[in-house]
Amino acid sequence: MSVKDKKEHDDLLYESILSLKNLDECKKFFEDLCTVAELRAMEQRFEVALLLSDGMIYNDILERTGASSATISRVNRSLNYGADGYKDVLPRAKELRKKRHEQL
């Protein structure tokens, strides 16, 4: 597979994710795409990212999430030196979290 073909192939996955129309479609797609362990790992890393961005310390995150210190460190490294994917989505996630709390 050429580099161009690989990029188009990789982009197709992300474009397909963007085509999902609602939460139910998204959940079903990821349940089919990933193992339960992969989904739990991604959910845990995302929770760690939220907590780190809220200013929570490693030990409290470890206790709250059960994530290893290596996972917390990796997420922190991504927050600080990554591709800025977390920085794009975390404010949106925090807004969603705020709206959910207001509805309760």
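Student: What makes Val48, Leu52, Val75 and Leu79 stand out in the largest nonpolar core?

Tutor: Those four touch the most other members of that core, which has 13 residues. A nonpolar core is a set of buried Ala, Val, Leu, Ile, Met, Phe, Trp, Tyr and Cys residues joined through side-chain atoms within 4.5 Å. Keep in mind that this is a predicted model, where local features need pLDDT of at least 70, side-chain atom pairs count only at pLDDT 80 or more, and totals for chains, interfaces and linings use all residues. Residues are numbered from 1 along each chain as its sequence is written, and side-chain values use heavy atoms, with hydrogens and water left out.

Student: Which helices each supply at least two residues of this core?

Tutor: Helix H3 (36–53), helix H5 (69–81) and helix H6 (85–103) do. H3 gives the most, with five residues. Helices here are DSSP runs (H or I, at least four residues), strands are runs of E with at least two, and both are numbered from the N terminus.

Student: Why is Val75 called buried?

Tutor: Buried means under 20% relative accessible area, exposed means over 50%, and partly exposed is in between (1.4 Å probe, protein chains only). Val75 has a relative accessible area of 0%, so Val75 is buried. You'll find Val75 in helix H5.

Student: What is Val75 in contact with, leaving aside its neighbours within four places in sequence?

Tutor: Contact means heavy atoms within 4.5 Å. On that basis, and with those neighbours set aside, Val75 is in contact with Arg45, Val48, Ala49, Leu52 and Tyr86. Val48 in turn touches Ile61, Thr65, Ala67, Ile72 and Val75, not counting residues up to four places away in sequence.

Student: Are Cys26 and Cys34 buried or partly exposed?

Tutor: One of each! Cys34 has a relative accessible area of 16%, so Cys34 is buried. Cys26 comes out at 27%, so Cys26 counts as partly exposed.

Student: What makes the phi of Asp84 worth a look?

Tutor: Most residues other than glycine have a negative phi. Asp84 is not a glycine, yet has a positive phi of about 70°. Look for Asp84 in the loop between H5 and H6. With a relative accessible area of 36%, Asp84 is partly exposed.

Student: How do you know whether Tyr58 is buried, exposed or partly exposed?

Tutor: Tyr58 has 33% relative accessibility, so Tyr58 counts as partly exposed. Tyr58 lies in helix H4 (residues 58–65). Leaving aside neighbours within four places in sequence, Tyr58 is in contact with Leu52, Ser69, Ile72, Ser73 and Asn76. Of these, Ser69 is 11 residues from Tyr58 in sequence and 7.2 Å away in space, C-alpha to C-alpha.

Student: How many helices and strands are there in the chain?

Tutor: Six helices and zero strands. From the N terminus on, the elements run α-α-α-α-α-α.

Student: What box do the C-alpha atoms of the chain fill, and how much of the chain is buried?

Tutor: Taken along the principal axes, the box is roughly 45 × 35 × 25 Å. Buried residues make up 15% of the 104 residues.
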